[in-house]
Amino acid sequence: MQNSRSGEAKAPYSDPLNDVVDLPTMTTGALNALGQDEDGFSVMIEGGAIDWAGHGNNPVRDIEETQDFNKSVDAAIKWVEENSSWEDTLLVVTADHETGYLSGANEVPTEDNPEADNRFNAMEGEKGKVARHGWYSGQHTNQLVPFFFKGAGSEDIMARTSGTDSVRGEYIDNTLVANLVFDEWWNDGTDSAGDPEQPGDTANPSDGEGKDGSSKGFAAGLATGLGILGAVVGGLGFLATQMGVLTIDLQPIYEQLKRMGLR
Ligand SMILES: [Zn+2]
């Protein structure tokens with residue numbers, strides 16, 4: 001929420017911050033308020049200013065907003081562990097798209113860099129400094145995005161993986177995730193909640209099992225309280241060690257690219 005403040009953005013945090021409350025504080029506040037509902041809840045928390053920094057091709061603001069986002073994920077994890085449990089609660093961390101085609105430096109030839117040969121370059125640099133990089137778009141892009149999850153219903157997500165990419169590992173179509181939320185978790189695997197006695201409804205609405213026999217863990221969490229679905233937008237690295245991971249182990253990617261002669 002600091003993206004639009006004035007300043008030269010020469011280095012992360014070099015400009016005075018504005019007075020907008022940070023995302024981890026808003027995250028904890030939202031969870032504390034919604035967590036009082038004994039029926040459980042679903043919430044989407046977005047680090048939306050990461051997208052603005054991407055449109056602006058602004059690496060300094062991008063780092064600031066992504067670090068703010070990372071702290072909000074920490075806050076959500078802490079809230080779950082102190083107020084609920086991973087048996088009752090699902091946390092999803094993903095992005096709806098990438099913005100700016102952020103990648104390594106000098107990948108595309110320009111007047112300044114006619115030598116660039118359209119090959120992938122890793123973002124590299126020294127600790128404490130902005131990595132060498134390039135922005136290759138001002139818009140939303142079709143780059144694959146990470147999809148992290150942990151908690152109740154994880155096995156339902158794993159059951160929906162579409163296939164395995166030789167470089168990125170298992171992947172999932174994001175529309176399948178939406179269908180999982182609406183069809184299986186929100187409606188507990190039954191038809192529209194507004195008409196539970198529909199004559200044509202042959203699914204058993206009260207057995208708690210999904211249509212395909214999948215786990216009822218998350219639906220049970222929603223029914224008994226303390227369910228959370230946080231689909232949080234942004235990119236992050238540290239979570240790879242803490243949560244279920246479908247993609248994102250960069251080393252094999254680099255090695256594969258090397259074998260393919262792209263690096
Ligand atoms: Zn956008």
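Biologist: Why does Asn118 count as exposed?

Modeller: Asn118 has 8 C-beta neighbours inside 10 Å. The cut-off for exposed is 12 or fewer, so Asn118 counts as exposed. Do keep in mind that this is a predicted model.

Biologist: Now a middle case. What makes Asn58 partly exposed?

Modeller: Asn58 has 17 C-beta neighbours inside 10 Å. Buried needs 20 or more and exposed needs 12 or fewer; the count of 17 lies in between, so Asn58 is partly exposed.

Biologist: Which residues is Asn58 in contact with, leaving aside neighbours within four places in sequence?

Modeller: Those are Ala9 and Ala53. Contact here calls for C-beta atoms within 7 Å. Asn58 itself lies in the loop between α2 and α3.

Biologist: What separates the C-alpha atoms of Asn58 and Asn3?

Modeller: The separation is 9.2 Å, while along the chain Asn58 and Asn3 are 55 residues apart.

Biologist: Let's turn to the interior. What share of the chain counts as buried?

Modeller: Of the 263 residues, 29% count as buried.

Biologist: What makes a group of residues a nonpolar core, and which have the most contacts inside the largest one?

Modeller: Its members must be buried, come from a set of nonpolar residue types, and be joined through C-beta atoms within 7 Å. The largest such core has 24 residues, and Ala76, Trp79, Leu90, Leu91, Val92, Val93 and Phe149 have the most contacts inside it.

Biologist: Which elements supply at least two residues of this core?

Modeller: They are the helices α1 (23–34), α2 (49–55), α3 (59–83) and α5 (174–186), along with the strands β1 (90–94) and β6 (147–151). The largest share, six residues, comes from α3.

Biologist: Finally, how many helices and strands are there in the chain?

Modeller: The chain has seven helices and ten strands. Of its contacts between residues at least 6 apart in sequence, 70% join residues at least 24 apart.

Technical notes:
Residues are numbered from 1 along each chain as its sequence is written. This is a predicted model: local features need pLDDT of at least 70, side-chain atom pairs count only at pLDDT 80 or more; totals for chains, interfaces and linings use all residues. Helices (H or I, at least four residues) and strands (E, at least two) are DSSP runs, numbered from the N terminus. Two residues are in contact if their C-beta atoms, placed from the backbone, lie within 7 Å.
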